Amino acid sequence: MEQQRTEATESLLVRQGNDNLVYNEEDSGVGVGDGGSVAVSDVTTILGLSIFVAACIAFGSGCALGYSSPTQSSIMEDLGLSVAEFSFFGSILSIGSLLGAAISGKITDLLGRKMTPWLLDLGRLSLGFTIGNFTYLMPIYISEITTKNVRGRFSAIPALTLGWGISFMYVIGSFVSWRTLALIATIPGLLQLLPLFFIPESPRWLAKVGRDEEIEEVLLCLRGNKAHIFNEAAEIKDFVESLKSFSKEGMLNIFQKKYVRQLLTVAGMIILMNLGGVNAFAFYSGVIFASAGLSSMVGLITLAATQTIVGIAGILVIDKLGRRPLLLVSTAVLCFSSFLTGLSFFLKEFNLWDQGSPVLALIGLLMYTGSTIVGAGIPSLLLSELFPINVKGSAGSICNFMGSFTGWVVAYYFNFLREWSSTGTFFIFSAFCCANFILSATMVPETKGRTLEEIQASVSHSSV
């Protein structure tokens with residue numbers, strides 16, 4: 001059994017040097033000249049539709065995340081809420097996310113990547129429950145249906161549209177009431193309903209549950225009707241079968257020695273990202289601007305523009321530069337921008353630079369927001385790439401549950417921390433971002449340009 005595992009792993013590793021391992025005409029015996037097949041397309045209509053559904057879910061999640069920022073003062077005034085009551089309202093999204101994250105991996109394993117969005121729409125036990133599932137589902141689904149050449153950039157699209165959703169709430173919330181804004185936020189969920197009927201299931205999930213006869217049909221749908229997909233289908237089937245032969249499914253399997261490094265790395269990045277203040281900046285940007293002496297409307301609209309520009313730039317370069325460089329740059333800038341924001345509050349508190357401190361706060365917030373758009377989705381992308389399909393559900397549930405819990409802690413206690421010391425709060429965020437940079441620099445591998453099977457075979461091979 002160990003020999004079978006090693007042979008399967010080494011077979012995949014040998015093929016890592018091939019830039020087009022699924023297009024080799026000699027292997028297939030069928031070439032373009034035979035009229036039988038053509039080169040695989042990285043982008044097809046069905047793939048684009050699948051990404052659109054993911055983008056709609058991400059946009060809706062962004063609307064939920066950004067809702068509390070422009071509405072805090074009006075909701076507290078209209079309903080007579082205290083700081084503690086509004087903090088609970090803002091953070092309850094993360095409580096729902098805890099529930100969604102805890103079961104997201106197993107639900108996605110049972111229902112498949114395509115069916116889980118129906119659960120997100122139909123259930124919507126809370127918006128947080130939806131976000132908890134989405135955080136795991138979207139990177140997994142996108143990484144499993146795309147080719148290695150575009151996996152990074154397509155996986156980055158939900159992070160961009162999530163940012164757009166937050167920005168949309170920021171901007172529209174400056175002009176409409178909080179009740180109207182809540183109704184507007186339902187639109188993305190409606191937009192994704194019809195396309196859900198047409199998007200395909202993940203071919204790797206089909207292999208996992210034994211529906212092998214559907215794999216080639218789905219790959220043809222994703223790569224083009226005349227594409228040569230037989231080698232890719234065989235590689236997926238062979239790798240999944242090799243996993244089944246030496247490893248059984250189970251929650252505790254994720255704690256095997258060969259998965260510990262990946263689990264600690266991904267979980268650590270997600271936890272430190274949340275403790276670095278992501279939810280605080282997303283939920284309470286308007287309050288932060290006002291506290292720094294800036295116009296909330298001007299600040300939030302500027303944030304929206306920054307998220308768009310930086311997000312598009314990140315999509316264009318992630319498959320060229322790789323995950324690791326972008327993650328290192330992102331965490332470094334998060335550290336510096338949190339420190340800069342804290343410094344602005346320090347200067348304001350002691351009246352050391354009254355005119356310049358709001359500018360520092362604006363620069364810090366813009367840098368933080370831009371870096372979040374670029375780097376926040378990379379840990380989830382690595383989660384989808386580093387873990388084989390037999391333990392991916394368990395890894396996703398554990399990592400996202402821990403991330404959601406720390407996100408709730410920050411979202412709930414941020415207003416109290418700000419009342420204690422705005423300066424100290426942002427310096428604490430900066431320290432956690434610095435820790436995330438160190439973790440990323442020492443533990444995160446590069447995964448660009450390789451298929452999921454190649455990445456996971458390499459991880460398994462290193463533990464043999």
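The model is predicted. The chain holds 22 helices and zero strands. Of its 464 residues, 58% are buried. The accessible surface comes to about 18,400 Å². Carbon and sulfur atoms account for 67% of that surface.

Now take one helix pair. Two packed helices are described by the angle between their axes and the distance between the axes. Helix α14 covers residues 257-275, and helix α21 covers residues 422-443. They pack at an angle of about 155 degrees, with their axes 8 Å apart. Angles over 145 degrees count as roughly antiparallel, so α14 is roughly antiparallel to α21. The crossing is left-handed.

Which residues make the contact? From α14 come Arg261, Thr265, Gly268, Met269, Leu272, Met273 and Leu275. From α21 come Phe429, Phe432, Ala435, Asn436, Leu439, Ser440, Thr442 and Met443. By type, these residues divide into nine nonpolar, five polar and one charged.

Next, look at Gly277. Is Gly277 buried or exposed? Its relative accessibility is 0%, so Gly277 counts as buried. Leaving out residues up to four places away in sequence, Gly277 touches Tyr368, Val410 and Phe429. Phe429 also belongs to the α21 side of the helix contact. Phe426 is 149 residues from Gly277 in sequence, yet their C-alpha atoms are 8.1 Å apart.

Conventions
Residues are numbered from 1 along each chain as its sequence is written. This is a predicted model: local features need pLDDT of at least 70, side-chain atom pairs count only at pLDDT 80 or more; totals for chains, interfaces and linings use all residues. Side-chain values use heavy atoms; hydrogens and water are left out. Axes are lines fitted to C-alpha atoms, for helices over the stretch in contact, and angles run from 0 to 180 degrees between N-to-C directions. Helices (H or I, at least four residues) and strands (E, at least two) are DSSP runs, numbered from the N terminus. Angles under 35 degrees count as roughly parallel, over 145 as roughly antiparallel, 65 to 115 as roughly perpendicular and the rest as oblique. A crossing is left-handed if the near helix is turned anticlockwise from the far one by less than a right angle, and right-handed if clockwise. Contact means heavy atoms within 4.5 Å. Ala, Val, Leu, Ile, Met, Phe, Trp, Tyr, Cys and Pro count as nonpolar, Asp, Glu, Lys and Arg as charged, and the others, Gly among them, as polar. Buried means under 20% relative accessible area, exposed over 50%, partly exposed in between (1.4 Å probe, protein chains only). Accessible areas come from the Shrake-Rupley method with a 1.4 Å probe; for residues, only the protein chains shown count as cover.
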